[in-house]
Amino acid sequence: MPYLGGEDTVRELRRALSNPNVQSDQLRYRNTILKVIRAMSQGVDVSGLFSDMVKACATVDIVQKKLVYVFLCSYAALNPELSLLVINTLRKDCQDPNPMVRSLALRNMTNLRLPSLMEYVEQPLTAGLRDRAACVRRVAVLGWAKLHNLQPNSEIDAAVVNELYSLLRDPDPVVMVNCLRALEEILKEEGGIAINKPITHHLLNRLKESDVWGQCEVLRILQRYRPQSEDELFDILSLLDASLVSPHPQVMAATLSLFLSLCSGLPAVSLAALERVRGPLLAACGSVSRELRFTALCHIQLLLRSLPGLMGAHYKRFFCGYAEPAYIKQRKMQVLVELVNDDNVTMLLDELKGYCTDVNTDTAQAAISAIGRIGRSYSDRCLEILTGLLALKQEHITSAVVQTMRDLVWVCPQCSDTVCLALEGCEETLQDSQGRQALLWLLGVYGEQVSSAPYTLEVFIDGVRSEVSLGVKMELLTTTMRLFLCRPAETQDMLGRLLHYCIEEEPDMCVRDQALLYYRLLHCGIEETQKVLQGRRSDPSLGVLIGRPSEPISQWACSFNTLEPLRQGTVETDSTISASRCTDASADVPASSIAAPLSLSLSPALSPEEFERLWLQRQVLHSEQEQIQFPAIPHCSPQSLQAAMQLVNIQTLAFTPPHTLPWRVYLYTHTQHAGDSPHITLILGELLYTGEEELKVTLKQQPRDDKALKGFLSILTTVLHTLVTQLVWFIAR
Amino acid sequence: MIGGLFIYNHKGEVLISRVYRDDIGRNAVDAFRVNVIHARQQVRSPVTNIARTSFFHVKRSNIWLAAVTKQNVNATMVFEFLYKMCDVMSAYFGKISEENVKNNFVLIYELLDEILDFGYPQNSETGALKTFITQQGIKSQHHTKEEQSQITSQVTGQIGWRREGIKYRRNELFLDVLESVNLLMSPQGQVLSAHVSGRVVMKSYLSGMPECKFGMNDKIVIDKQGKGGSSEDGGKSGKQSIAIDDCTFHQCVRLSKFDSERSISFIPPDGDYELMRYRTTKDIILPFRVIPLVREVGRTKLEVKVVIKSNFKSSLLAQKIEVRIPTPLNTSGVQLICMKGKAKYKASENAIVWKIKRMAGMKESQISAEIELLPTNDKKKWARPPISMNFEVPFAPSGLKVRYLKVFEPKLNYSDHDVIKWVRYIGRSGIYETRC
């Protein structure tokens, strides 16, 4: 957020801060400092006031002190020398009779994050460990962790480590937990704090005293402890039993995690623990906050991998509410699929059927594929629902249904008759490439049973020139080959045309190679072709009969109550996005090159003066304005933008520096149609970003050529797009 | 542990940013904005991973709160922490809105400093925090003149939520049982899911340091007493006891006593506070039943008949009843006939809203509507959203009853009888939906 008039504000604030009248009036002084902080949070650079603020630090007023510390901690890294002045005041504050002042000083001393000040900080920190007030000790303990983090290579004194160990017996529970945290960080190299029997028992006995956050921490660290005997193990378990059904989900989850790690050798006990947490877990699934519901669902999915029957009776808890966000609905459906059995299958399918017409297309498609999954065991009922959905003639629903049927038929070949009947006529509603690929596959494999298969294929083959999706083309080739084998009379002519097109005209190498392969295969004779295309496949239906083996608990126990279960789904979705993007991109490029084979060139070069003259001369040029959404572009460096543009032969002439508003770039290029007689046009462009969502592109052209302009714009967007994605990636690093 | 905490407005502008650990770079703030707030699709998950950094976010009205971490942390804990943070902030300045956050940014920085240190939660109880926080919350509507909490040197007192030396001429105690009943019913009248989430909210004006004891018809307690042989009202309350699925308490309640004897005893804070929260799923009294009848007459007409039945004692009155019947998007006109209350078709909300001011128990009322539809070539089937209901009833749908509320103050000379006590039950509708 840039802020205009920043310099004036800073000057005014400095005058006020150094005014003796203000300094003597506590309330006015405090208000001035408040203004400084406000300016800071609005993005004004107030680092120039550092020395004035250091002076303001020496006060008895706690409110003022706190405000000044907020300022100092943000700017200390920029002024390491001046920060030395603060240290003096801070060290004095560490002797203050008020424990609040002492803890405040100590905390901010460690928050300055300046390695050069370390030597001054150690002494007050050591004193802080022995302070009377608990709140000072809390800060001091964590202070050592911060110090270690600042200079990870320097050794922390063994005496300090010993003192921290002894502070585990501190009467204040927060000090105790902070000690655990600090030791974990300081001793990271050695594998964290040493957990032995006395420490374990001490921690367990005091578990109840600490707050929920502390309990989680203690339970997590105790996972490393291995009890020496079975008796001891059961003592620990019975101590923990109450927290297993704690009303706080975070404590419950942490306890279960500890249970699982302690009982890794006793599967029966782990099972009993899982049974016991069923109630609290289900409660978390119905909690008011959606994030918690989501987390609980993810963890339940984990449990179901070992105990598919755990939630069987409670399947109704996983029915979706109307207003729930899509991510929860999708998780709930995944759980529902796991819970299906003979008793509830009717109810479950009815429910899932309702979700198929959800407004959100992702949810609808997830529901359809869930029905497909259930179809592996209850194929008749599911196929009935799926066929019914086709009657809706909705684009996204039909596509999902056809894909689901394809997957279903692969595992349950006995369904093929019903599927083939249902397929008739749905090619008209199918639009997206995924759905059409599925349809083509089905036609290829069950071509004999679908009477209209050759006619459907013919429509595809006639339209192959305008087909953009690579996958559809490949699938089309295979399907036509397969159909040729079983219905040669009807297909021969089509196959010839398709092969001819793919070998002679198709720009994509992959499709061309595939077509050549089939062509040569046909030369080897029909038996050979049959052997290759209709050979035996593995039999996946065996897997359905046997069912998925339930995993042992130890497989996932270590990832329970971490981020991992939440990630699993999102990683999957991410990869599908990137995959679909990849195919789209590869499909887009040849398409645009077919439509407008456009080449850009930089010569003849244009001088800035010439550019300016042409730009301002409005009548001669044809101009056009576009809006593109690239809010991050103005943050990238001029060099990278220029380099990226030059790669595609666009010359940038002038820039405003990054992060200023309005941000502008001027550029030019010459376009030329390949193949035709040389038909060159000059394009001048301006990118303008005024702080809104969009980037405004103004293009001027001489002479007018709409096709070239469009082609240029698509090239420009592609370049900007790659730049933004790289930039985002870079920022995220 | 949490590496940093950011607060954004709905446009993605950063209102508050506090980084606790060095492994979180300054760019993290922008990465979340670009990838989540400005993303074109809907939110895919409350946890987003960008370049090995995890962002946990929670939305409150139009404010985004995001916690950032590089470690493989306990997800439940981070979310619970964010909720707690929201609770603390709203305790100080009311609703979490952009205006309030901007007005209270110094306070928020101060809170963030106290609640987290180096990314570890330290102290998150509003009462205990009061001693450390110097700023006062600025509420946007009305500025409550709370007395400046004195900064005492006694920092870790035993009772952080009540100060000494409170005096009232009249000792009064108000207790409200507020419940919200949630229902999802199938068109055939089958209960798909139902639960009650309830709160016991108290307002106490008591002198000194009183010790209170609160009793209700909790099944476990009553069963225990029944076994013990005390049969004062065992027979009567035995069947009326309720099973509580889970409950949480205000920090003033002695949990050890609850765990061992399941009795709720506490020294109350002064003024308003929430004593406990609970949830029940068994034997819920559903105050209303909605019976929908939808008939599609041809392609351009829809007949809807909805009957509501009140299912409680006829001496009680339900209030503010509102039934919301969704209509298809291509509705052109609606004719309504209802015997009771007022009904109106609201085109902007795509619903028929039927309001009844008061309705006694064991009554029945119905509305019938003829909906005319515009012929469309959109073949999309109407999704039929559920019929939802709002109401307020003067009893607790979970069946919870307050059995006693005793006050003991040994030092000052007033007894349990001198305290004026008020008990009130209010049952409201949460998400009360019937599919049609």
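I take two strands as paired if DSSP finds at least two bridges between them, strands (E, at least two residues) and helices (H or I, at least four) being DSSP runs numbered from the N terminus.

**Entry 1, conventions.** I am working on a predicted model, in which local features need pLDDT of at least 70 and side-chain atom pairs count only at pLDDT 80 or more, while totals for chains, interfaces and linings use all residues. Residues are numbered from 1 along each chain as its sequence is written, chains are lettered from A and ligands numbered from 1 in the order in which they are written, and side-chain values use heavy atoms, with hydrogens and water left out.

I looked up S15(B) (residues 301-310) and found it paired with S14(B) (residues 288-297) in the antiparallel sense over 10 bridges, B:Arg295 having B:Glu303 as its bridge partner. The hairpin of these two strands has 3 residues between them, and B:Gly298 there takes a positive phi near 70 degrees. S15(B) also pairs antiparallel with S20(B) (residues 364-373), over 9 bridges, and there I noted B:Val307 opposite B:Gln366.

S3(B) is joined to S4(B) (residues 53-60) by 4 bridges, and B:Val47 stands opposite B:Phe56.

I find that the contact (heavy atoms within 4.5 Å) takes 77 residues from chain A and 83 residues from chain B. The buried area, meaning the accessible area (1.4 Å probe) lost by two parts on being put together and summed over both, is about 6,900 Å², with carbon and sulfur atoms giving 57%. In chain A, A:Trp213, A:Glu291 and A:Leu563 lose the most area to chain B, together 10% of what that side buries. I count 7 salt bridges between the chains, each a side-chain nitrogen of Lys or Arg within 4 Å of a carboxyl oxygen of Asp or Glu; one of them joins A:Arg113 to B:Asp22, with the closest N and O atoms 3.3 Å apart. Helix H9 (residues 134-150) of chain A gives the most to the side that touches chain B, with 9 residues.
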